[in-house]
Amino acid sequence: MTAVHLELRGIHQRYPGAVAPTLSGLDLDLPAGTATALLGPSGCGKSTLLSILAGLRSAEGTVLLDGIDITGVAAERRDAGVVFQQPLLFPHLNVADNVAFGLRRRGIGTSAARRRAAELLELVDLADAGARRPAELSGGQAQRVALARALAPAPRMLLLDEPLSALDPAIRTRMRDLIRRIQRDLRITTVFVTHDQLEAAEIADRTALLLDGRIAQAGTAADLHLRPVSATVARFMGPALLVPGRNDDGVFTGSLGAVPVPPGAPRGDVLLVVRDTAVQHDPHGDRTATVTAVHDLGSAIRVRLRAADGRELTTTVRPGAELPGVGAAMTYRLGPHALWTVPAEHGAPSDTSHLEPALIEHSSGRRS
Amino acid sequence: MVTTAVSARHAGVRRLALTVVAVWVGAPLLPLLIWSFTRTWRYPDLLPQAWTTTVWSDLAATPETVRALLTSAVIAMVVAAFATAAGLAAGRALAWYRVRGRVLIELLVIAPLLIPPFASAMGVQVVFIRAGLADQPVGVVLAHLIPAVPYTTLLLRAAHAGLDPRLEAQARTLGAGPISAIRHTTLPAIRPAVAAAFGFAFLISWSEYLMTVIIGGGSVTTWPMLLFASAAGTGTTAATSALALAGLIPPVALLVVAGALSRRARPV
């Protein structure tokens, strides 16, 4: 089966009684055979969007499959394999019959369905579990059965709604690898809903960030992290210092002084986005800042700095490096890696340095 | 060895418990059984002096008796079917959907269990007479639904509450239509509760006397009416005993069939 291209056009959705719409004029392209991570904070409408793709929820707008309008097509005719956060295995059926469920509903005979179910169970490394009841499975096993069940009817799209969130961290890693392997092997157009950037980067080819009812940015994980299109995206993607100033011909000028920025970064009135990795400890660096705290994490050392203009910077230094003590000055250089500019915001706080760093990190989502 | 000893002791306790229950349920029926095979059984005889099967053959040969048993069975089946269907819909809605005025609806559902049947039966009769539903089986079926639906609704609401409503959404994504999703996921998952609800409704209808007398107005004769009349003096002790025992057959048969059905494993 060839992979399908999915497009969402102008999707509007508002829950009854809700003040603001969940999705407002959302557009998203899901190229054939790719895996796209749908990233966003809790309650941003990621799962709602997935239900709309699956046909389980109606919304204004258009869903196109290879250019054909499938907006009005019922869930059971969409050929979408769906795995939710909970495995949702049918409690009255054993594992093999759960996997065969979609095949039986499509009129495939018992023995053919059983054969196909056995194949799928082998694919998810549960070849021996066919006769077991759902209640006898661990969380990770149940979720693998749910994946096998979703894939059994050879769906045209695979929709995964935070399928790893309920699993233990160790099992989560294995399941993540399994999903990625299967997606690459089958080349099935896949949407993976998550609030975890790391998970998004590891499973998907592309990441689409859903904020305020729209796709704020879609691209590779590195694009979103290093080349955000807005201050909002920059803030969501992790701790960053945002410094107001101007970008004229690739040189940023602001309270941090003159900083060269990569070509292609927006010009004019901008905010300079400084990721931690842009701040590099370098005895020959051209800048100095005062060390305010040193945290030895074992695998790395995190150093808090106060720049000349009073801004808080954070940098990570490899373990064992010689560092000045707290209160002393440290020389460093800025970039060029992990520097970018975004258009200045009007009326919104442009500087997050007044926030507690821990608070900023927390908003970047759980890393596991 | 320990486990064997423990399981053997468990089996012993189980057998004892079953025996106690069997005696508890069976013992009161024994005099009825004896009475139904004799004409006279006087004090201080431990057992009747003369045995006969004429009581039973008379019973089977009386058209009214057979007809009353059949009427009861048909009415009870129809009541059980409708009460189970209503209980499925109401139980589903109350357990799964955000229903406006839920508390009021729930109170209405259990109201027939709280209000004395005699109080409601009078009002129901007036309404049914005006609607032309009195004195006929349809009216009796509707009247029996009043005490039956609360039980089926409560039972099936509990069954739905123990099931994730998203199972049906999952079934939809696997190619099942809305009805097919209910048929292949929800219903099989709550089958024991559906069987229990059906059985309850059947038994409620089967033993319902008051509603039948008032709404049926004597034109619809069911088994309890014959039994009550016979016990009240129109019949002999022997005939009443046989009638009481005959009335046990349909419910017991239903229990056996339902038990067998709910044990049978069914593939996809």
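Two residues are taken to be in contact if their C-beta atoms, placed from the backbone, lie within 7 Å. In the predicted model, A:Val99 touches A:Ala117, A:Leu120, A:Leu121, A:Val145, A:Ala148, A:Arg149 and A:Ala152, residues up to four places away in sequence being left out of the count. A:Val99 also belongs to the largest nonpolar core, which has 146 residues. Along with A:Val99, the residues with the most contacts inside this core are A:Leu121, A:Leu159, A:Val273, A:Val274 and B:Ala201. The element that gives the most to the core is helix 7 of chain B (residues 137-161), with 12 residues.

In chain A, four strands form an open sheet in the order 2-1-4-5, with antiparallel pairing. Strand 2 (23-30) and strand 5 (68-69) stand at the edges; each has a single partner strand, so one side of each is left without a neighbour in the sheet. Strand 5 is joined to strand 4 (residues 60-65) of chain A by 2 bridges, the two strands running antiparallel, and A:Ile68 in strand 5 stands opposite A:Leu65. Helix 1 of chain A (residues 46-54) packs on the sheet, where it touches strand 1, strand 2 and strand 4, and its direction makes about 120 degrees with that of strand 1.

Strand 1 of chain A (residues 6-13) contains A:His12. This residue is partly exposed, with 14 other C-beta atoms within 10 Å. Beyond its neighbours within four places in sequence, A:His12 is in contact with A:Pro21, A:Leu23, A:Ser24, A:Gly25, A:Ala59, A:Glu60 and A:Gly61. A:Arg214, 202 residues from A:His12 in sequence, lies 9.5 Å from A:His12 in space, C-alpha to C-alpha.

Notes:
Residues numbered from 1 in each chain as written. Chains lettered and ligands numbered in written order. Predicted model: local features only at pLDDT ≥ 70, side-chain atom pairs only at ≥ 80, totals over all residues. Buried ≥ 20, exposed ≤ 12 C-beta atoms within 10 Å, placed from the backbone. Core = buried A, V, L, I, M, F, W, Y, C linked by C-beta atoms within 7 Å. Pairing = 2+ DSSP bridges. Axes fitted to C-alpha atoms, helices over the stretch in contact; angles between N-to-C directions.
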